[in-house]
Amino acid sequence: MEWTQEKRYLPYNKWDADTLLHLQAQAANSPAQMHYHLRPISGLVNDPNGFSFFNGEYHLFYQSFPFGAVHGLKSWWHFKSKDLVHWENLGIGLEPDAKADSHGAYSGSAKQIGDKLFIMYTGNHRTDDWERIPYQIGVWMDKDNKLGEKEILFKNPDHISEHFRDPQIIEKDGKYYAILGAQDEKEKHGHVDVWSSEDLKDWKELGFLDFSDKDMGYMIECPNLVEVDGKNVLIFCPQGLDKSIADYDNIYPNMYVVADQADLENHTLMNSSQLKNLDDGFDVYATQAFNAPNGKAYAVSWVGLPDISYPTDNENWANCLSQVKELTIENGKLLQKPVDAIKSLRENEQSFIDERELTTKAGQQYELKMKISAGQKGNLYLQANSDLSENLKLSFDTENGELVLDRSKAGEVSANYGTSRKIVLAKNKDLDLDIFVDHSLIEVFVNGGEHVLTGRFFTNQDSQKIVFDNETSYQATLWQMKTIL
Ligand code: FRU
């Protein structure tokens with residue numbers, strides 16, 4: 001099908017039900033489809049949105065174009081959960097049905113205020129001349145998931161270009177703040193813009209967030225500020241960031257800084273660190289984090305990137321979300337760990353000590369938790385076929401503190417941005433790996449979440465061997481993971 005502009009922006013009610021059912025079946029039945037991660041019910045998924053705790057449950061939406069594997073007219077698709085692992089599909093949660101969001105209900109956030117959920121997002125509107133107007137919109141959702149009237153809160157001020165989106169709503173010291181991704185009109189540089197309001201109706205701009213003296217590229221998308229163990233972590237996507245400021249391999253990076261304090265009134269982060277990649281793998285972007293009432297900080301990422309195609313595009317679906325990660329700061333380092341409830345998906349436990357070949361039938365949904373002893377060097381092949389011509393390779397050298405994830409033989413993956421990712425670890429230490437595989441998604445949590453490597457791969461689903469190329473001293477446990485969707 002040719003995706004003309006008209007087709008991409010066709011109102012949802014102009015699509016027929018049979019087409020949607022067919023697309024849903026195509027997504028559900030694809031061998032590459034994920035089964036214990038949030039995945040497209042149909043079409044394309046991108047950013048997580050509205051990650052929040054409301055009325056006793058976690059709510060999470062994602063950007064969705066349900067009619068194909070392209071970035072068309074976006075809506076929010078809605079899920080809820082009691083434990084951040086088992087999710088209930090609630091269907092479309094926010095439709096682009098107003099003039100202000102006529103060309104997409106773009107990314108945003110949500111927060112329980114009183115007995116309702118306040119959703120703040122960007123309405124992407126285009127005029128007849130295709131000029132973009134980014135309206136920041138507020139809408140209340142009640143306990144029956146019913147939405148009230150959409151209200152335009154503000155649009156881009158004159159000094160900000162049409163690239164102004166992805167508000168995160170924050171409540172602090174009895175006041176509301178919103179931080180947004182922005183590009184200034186004059187220099188066309190990326191910023192995080194801070195706004196405040198007493199009543200969620202009247203908003204005023206406070207100014208660009210001062211968190212670095214470096215140039216942040218041409219646009220910042222999806223900024224999020226969360227408190228983690230007494231520090232303030234800003235997670236954001238600086239597009240066009242110069243690699244001398246912080247090196248990265250993906251087309252666009254998802255970075256973070258850790259600051260001692262956030263003074264939003266003066267739009268400043270105090271004593272913020274250098275920029276770092278949030279994920280060291282191939283496919284994480286637009287991570288959204290929030291502070292839950294239980295005092296924890298949770299994050300979830302889009303596994304996919306703008307302007308990158310994937311083989312399932314041919315099956316009319318694309319991308320997924322990561323598992324939810326708990327953020328902590330230990331010994332000054334930001335850690336990302338699987339939430340405890342992920343253990344409830346484990347079944348059929350098997351243990352291994354030092355065997356070269358663990359299994360030829362690992363399945364397609366598993367967790368492999370492993371400790372490789374210090375002083376070793378070798379390769380661990382996952383999702384391998386019998387002659388290892390297909391595999392996902394983890395190369396470790398604990399003496400020199402190196403770990404490489406290589407997907408060059410892992411089926412049809414984009415090679416434009418390199419096929420391996422390397423991380424540097426402390427030397428001569430045991431290596432802890434917590435590896436999650438879900439059909440075409442791998443997430444590797446390294447040394448208790450000091451690093452995470454996330455990536456898609458597209459090996460044959462029958463390639464299920466797990467094997468070391470050398471004698472290796474290690475201990476491992478393998479579990480099959482139950483299906484959630
Ligand atoms: C990031 C992004 C956001 C925007 C949304 C549109 O991936 O471009 O900036 O709100 O996707 O789907």
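How many helices and strands make up the secondary structure of the protein? In this predicted model, the secondary structure comes to 2 helices and 36 strands. The radius of gyration of the protein is 22 Å, close to the 23 Å that the globule rule gives for 485 residues, so the protein is as compact as a globular protein of that length. Taken along the principal axes, the box filled by the C-alpha atoms is roughly 65 × 55 × 40 Å.

The interior of the fold can be described through burial and contacts. Of the 485 residues in the protein, 49% are buried. When contacts between residues at least 6 apart in sequence are considered, 59% of them join residues that are at least 24 apart.

From the whole chain we turn to its parts. The protein is divided into domain 1, which covers residues 5–338, and domain 2, which covers residues 343–481, and the C-alpha centres of domain 1 and domain 2 lie 30 Å apart. Where the two domains touch, 31 residues of domain 1 are in contact with 31 residues of domain 2.

Which strand gives the most to the side of domain 1 that touches domain 2? Both β20 (297–303) and β24 (333–338) supply at least two residues each to that side of domain 1, and β24 gives the most, with 5 residues. Sorted by class, the side of domain 1 that touches domain 2 has 15 nonpolar residues, together with 10 polar and 6 charged ones.

Conventions. Residues are numbered from 1 along each chain as its sequence is written. This is a predicted model: local features need pLDDT of at least 70, side-chain atom pairs count only at pLDDT 80 or more; totals for chains, interfaces and linings use all residues. Helices (H or I, at least four residues) and strands (E, at least two) are DSSP runs, numbered from the N terminus. The radius of gyration is taken over C-alpha atoms; the globule rule is 2.2 Å times the number of residues to the power 0.38. A residue is buried if 20 or more other C-beta atoms lie within 10 Å of its own, exposed if 12 or fewer, and partly exposed in between; C-beta atoms are placed from the backbone. Two residues are in contact if their C-beta atoms, placed from the backbone, lie within 7 Å. Domain bounds come from an automatic or database domain assignment. Ala, Val, Leu, Ile, Met, Phe, Trp, Tyr, Cys and Pro count as nonpolar, Asp, Glu, Lys and Arg as charged, and the others, Gly among them, as polar.
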